[in-house]
Amino acid sequence: VNLEMKMIQMADAVLAVSKRETGIILESLPETETYNVGHIMEIDESKMYKTFNQRRGILFLASFNDIMYYNGDAIWFFIKEVFPLVLAKSKAPVSLIIAGKKIPKELRDLVMKDGLLSRNIIF
């Protein structure tokens with residue numbers, strides 16, 4: 001955390017992804033110019049190559065850092081409880097791409113030991 005705070009002090013401004021993160025930064029470094037941008041972005045639809053109906057599959061993009069906390073738990077629940085329902089109800093094949101930093105071994109093992117999942121999930 002000390003290194004992160006030093007880096008923040010060196011920055012002209014900080015873009016935070018949540019109000020909580022903004023609060024933590026300002027609590028420690030109240031003079032920091034901080035902007036809460038959240039996870040929602042404006043999309044220039046004129047630059048999209050495919051329309052919504054032309055797209056296929058699901059992308060889960062996250063940072064894992066080799067642990068199953070937060071993002072790992074979320075995708076684990078999705079894989080175990082939701083994705084099988086999606087596959088069962090879909091008339092066409094549905095792929096799930098899991099991408100991100102240091103995907104945990106437990107997650108890869110879960111997918112690889114299940115034939116149906118391993119055919120539909122890509123790392």
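Is K105 buried or exposed? I looked it up, and K105 is exposed, with a relative accessible area of 57%. My cut-offs, with a 1.4 Å probe and protein chains only: buried is under 20% relative accessible area, exposed is over 50%, and partly exposed is in between.

**Ground rules**

I'm working on a predicted model, where local features need pLDDT of at least 70, side-chain atom pairs count only at pLDDT 80 or more, and totals for chains, interfaces and linings use all residues. Residues are numbered from 1 along each chain as its sequence is written, and side-chain values use heavy atoms, with hydrogens and water left out.

**Salt bridge**

I went on to the partner of K105. K105 forms a salt bridge with D109, and the closest N and O atoms are 2.7 Å apart. I count a salt bridge when a side-chain nitrogen of Lys or Arg is within 4 Å of a carboxyl oxygen of Asp or Glu. The structure holds one such bridge. K105 and D109 sit four residues apart in helix 4, so about one helical turn separates them. D109 is partly exposed, at 36% relative accessibility.

**Helix 3 against helix 4**

Next I checked how helix 4 (residues 105–112) packs on helix 3 (residues 71–89): the angle is about 10° and the axes are 11 Å apart. That makes the two helices roughly parallel. Axes here are lines fitted to C-alpha atoms, for helices over the stretch in contact, with angles running from 0 to 180 degrees between N-to-C directions. Under 35 degrees counts as roughly parallel, over 145 as roughly antiparallel, 65 to 115 as roughly perpendicular, and the rest as oblique.

Which residues meet? I found I75, W76, I79 and K80 from helix 3 meeting E106, L107, L110 and V111 from helix 4; contact means heavy atoms within 4.5 Å. By class, that contact has six nonpolar, no polar and two charged residues. Ala, Val, Leu, Ile, Met, Phe, Trp, Tyr, Cys and Pro go down as nonpolar, Asp, Glu, Lys and Arg as charged, and the others, Gly among them, as polar.

**Loops**

Most residues other than glycine have a negative phi. K102 lies in the loop between strand 4 and helix 4 and is partly exposed at 47%. N65, in the loop between strand 3 and helix 3, touches K101 and K102, not counting residues up to four places away in sequence. N65 is partly exposed as well, at 40%.
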